[in-house]
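Please read these notes with the model open beside you.

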Amino acid sequence: MAREKISLEQVRHVARLARLELAPAEEQRLQAEMSEMLGYVDKLNELDTGGVKPTAQVGEAGTPMREDEVTNPAAADAMLANAPAREGFFFKVPKIIE
Amino acid sequence: MGSDLNRLTITEARERLRRREISARELTRDCLERIAAVEPRLNAFITVSAAEAIAQAEDADRRLAQGGAPDLCGIPLGIKDIYCTRGVRTTCASKILDNFVPPFDATVIERLRAAGAVFVGKANLDEFAMGSSTENSAYGPTRNPHDLERVAGGSSGGSAAAVAAGECLASLGTDTGGSIRLPASFCGVVGIKPTYSRVSRYGVIAYASSLDQVGPFARTVRDAATVLHAVAGADLRDSTCSARPVPDYERALTGEVRGMHIGVPKEYFVEGMDAAVEAAVHASLQRLEAMGARTVEISLPHTGYAVAAYYLIATAEASANLARYDGVRYGLRAGADNNIELYNRTRAQGFGAEVKRRIMLGTFALSAGYYDAYYLKAQKVRTLIRRDFERAFEQCDLIAAPVAPTTAFRLGEKTDDPLKMYLSDIFTISVNLAGLPGMSVPCGADALGMPIGLQLIGPPFGEEAILRAGDAWERSGGFAQPAPRL
């Protein structure tokens with residue numbers, strides 16, 4: 001329906017970047033949905049933004065600083081309590097591929 | 001049935017608690033009974049924490065007996081399941097966090113605990129706050145208390161419905177593109193999104209970090225002001241949180257709008273709006289004028305570009321914030337032979353369709369070769385939208401507008417077309433992009449009795465102006481929102 005704004009190959013590339021395993025039906029559906037959305041956001045190109053600074057933050061300017069002091073209590077067990085797998089003070093994971 | 005203490009406002013309850021006419025325990029008990037009675041039909045809560053609530057209520061009673069207890073001592077609250085609550089399961093309405101029990105409290109939760117508030121449960125939401133209807137929850141949708149075949153709005157649908165249905169006296173939600181104001185409007189309660197940086201986001205599971213904001217739902221503006229005051233203010237653990245002192249918001253509720261200039265944006269009254277919504281908003285403005293306010297037509301010329309800018313910025317930020325859900329340290333873990341499979345499969349199994357959609361769009365918008373055309377472009381448009389408001393506030397003290405083009409739609413009505421759903425946010429999204437405070441206050445109902453909200457938008461840190469106007473409107477008998485027949 002929407003003019004193809006993104007190819008299946010691009011969808012697969014984005015899915016790799018996003019670490020999402022997609023079933024073939026999902027890939028198709030996402031291609032259609034992303035095409036529709038990208039078609040819609042194209043309207044931003046109606047606006048001339050030459051010389052306009054981008055806004056990354058709408059809070060107050062500046063980065064607050066503080067002393068680099070440890071204020072957290074030692075809480076390894078609490079931090080590991082939700083681990084799907086643990087061994088001692090380690091999160092246990094499948095092997096890392098090269 | 002019991003004594004219906006769950007129908008009290010916070011203002012009423014705290015007075016009666018202080019005078020020891022009622023106990024915190026019986027107030028909490030009435031809320032828990034109401035929850036048991038309506039939850040099977042409503043589904044406003046993912047987790048009900050009855051035992052913890054009773055224990056908190058008993059602590060509150062001890063404090064109240066000593067005198068000098070804080071405003072929220074003993075007050076039962078619902079908490080959107082996006083706030084980390086120590087020892088209480090926090091799911092973000094996602095399978096990927098189905099079994100997650102935070103080892104810490106969010107800052108605002110710490111503050112509410114210190115104030116003696118009671119937490120009755122974790123309220124339902126759209127998964128990771130991504131949605132406008134609470135239909136994207138992995139735990140089923142929350143229904144609208146005024147019509148169970150209709151949505152409660154989203155993403156904070158559970159928090160809004162719980163207050164409307166009398167399951168708690170107030171609740172916390174979050175608002176990134178309208179997720180407090182829209183459900184408040186759909187459910188007929190007050191909802192406030194404060195100025196960005198007014199309230200700490202530490203311990204609030206992040207969706208879009210430059211847009212997310214913490215805010216309360218309540219049955220009256222005064223109640224909402226009370227909750228906001230209890231949670232707002234500086235926090236060293238959130239580097240974006242403002243250190244500006246928090247005013248005594250209740251002091252601002254003078255009942256007076258004489259001399260206030262209310263801007264009415266012409267771009268917000270568009271075709272496709274429900275006639276009932278337009279009529280209710282116009283009637284509210286007329287009433288405010290009768291009370292001494294002056295309305296002035298203003299223009300926010302870049303309104304039509306806000307949804308597009310938002311769905312690039314928010315999704316981009318979300319793709320970064322949701323990268324942490326990888327099956328390694330907490331939450332769901334899929335079976336896998338190596339780390340890459342672990343991430344790919346865990347995320348594929350754990351995330352719902354809408355979350356995947358937004359991660360994909362956001363990742364694309366940030367990816368090499370597309371960053372300038374999409375994400376950077378959207379950030380520039382954000383500057384233009386912000387400037388629109390700056391110019392408008394030169395002519396007015398606050399802005400009044402609809403919250404949504406319609407009242408609550410039917411379950412399933414918009415789920416087939418993501419873009420159709422995204423356009424529900426058309427009047428709320430600009431406010432997040434500009435970082436301004438916005439509030440929805442009930443102002444009418446359509447022919448079917450479905451609630452309509454009036455949106456009041458203030459300049460940065462202009463909470464007092466919008467609270468004052470909303471409270472004055474409410475107290476003038478503007479619109480008495482009927483309780484649901486549920």
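1. Terms and numbering. Two strands pair if DSSP finds at least two bridges between them. Helices (H or I, at least four residues) and strands (E, at least two) are DSSP runs, numbered from the N terminus. This is a predicted model, in which local features need pLDDT of at least 70 and side-chain atom pairs count only at pLDDT 80 or more, while totals for chains, interfaces and linings use all residues. Residues are numbered from 1 along each chain as its sequence is written, and chains are lettered from A and ligands numbered from 1 in the order in which they are written.

2. Strand β12 of chain B. β12(B) covers residues 438-445, and seven of its eight residues are buried, so the strand is largely enclosed by the rest of the structure. Here a residue is buried if 20 or more other C-beta atoms lie within 10 Å of its own, exposed if 12 or fewer, and partly exposed in between, with C-beta atoms placed from the backbone. β12(B) pairs with strand β7 (residues 190-193) of chain B in the antiparallel sense over three bridges. Within that pairing, Ile192(B) has Met439(B) as its bridge partner in β12(B).

3. The hairpin. β12(B) also pairs with strand β13 (residues 451-457) of chain B, in the antiparallel sense and over seven bridges. The bridge partner of Val441(B) in β13(B) is Leu454(B). Five residues lie between the strands of this hairpin, where Gly449(B) takes a positive phi near 85°.

4. Angles here run from 0 to 180 degrees between N-to-C directions, and axes are lines fitted to C-alpha atoms, for helices over the stretch in contact.

5. β9 (residues 261-265) and β11 (residues 398-402) of chain B pair in the parallel sense over two bridges. Gly263(B) has Ile399(B) as its bridge partner in β11(B). Contact means that the C-beta atoms of two residues, placed from the backbone, lie within 7 Å.

6. Backbone points to check. A cis peptide bond, with omega about 5°, joins Gly154(B) and Ser155(B). Ser155(B) is in the loop between β5 (147-151) and α5 (157-164) of chain B. Phe128(B) is not a glycine, yet has a positive phi of about 50°; Ala129(B), also not a glycine, has one of about 70°. Phe128(B) sits in the loop between β3 (118-123) and β4 (143-144) of chain B, and Ala129(B) is in the loop between β3 and β4 of chain B. Phe128(B) counts as buried because it has 29 C-beta neighbours inside 10 Å, and Ala129(B) is buried with 30 other C-beta atoms within 10 Å.

7. Helix α5 of chain B. How many residues of α5(B) are buried? Eight of its eight are, and the helix is mostly covered. Gly157(B), Ser159(B) and Val163(B) are among them. After α5(B) comes Gly166(B), with a positive phi near 80°.

8. The contact between the chains. Chain A contributes 44 residues and chain B 55. On the chain A side, α1 (8-17), α2 (24-41) and α3 (76-80) are the elements that give two or more residues. α2(A) gives the most, with seven residues. By class, this side has 29 nonpolar, six polar and nine charged residues. Ala, Val, Leu, Ile, Met, Phe, Trp, Tyr, Cys and Pro count as nonpolar, Asp, Glu, Lys and Arg as charged, and the others, Gly among them, as polar.

9. The helix pair across the contact. α2(A) and helix α9 (residues 306-321) of chain B pack at about 125°, with their axes 9 Å apart. The two helices are therefore oblique to each other; angles under 35 degrees count as roughly parallel, over 145 as roughly antiparallel, 65 to 115 as roughly perpendicular and the rest as oblique. Met37(A), Tyr40(A) and Val41(A) in α2(A) meet Ala308(B), Tyr311(B) and Leu312(B) in α9(B). By class, this contact has six nonpolar, no polar and no charged residues.
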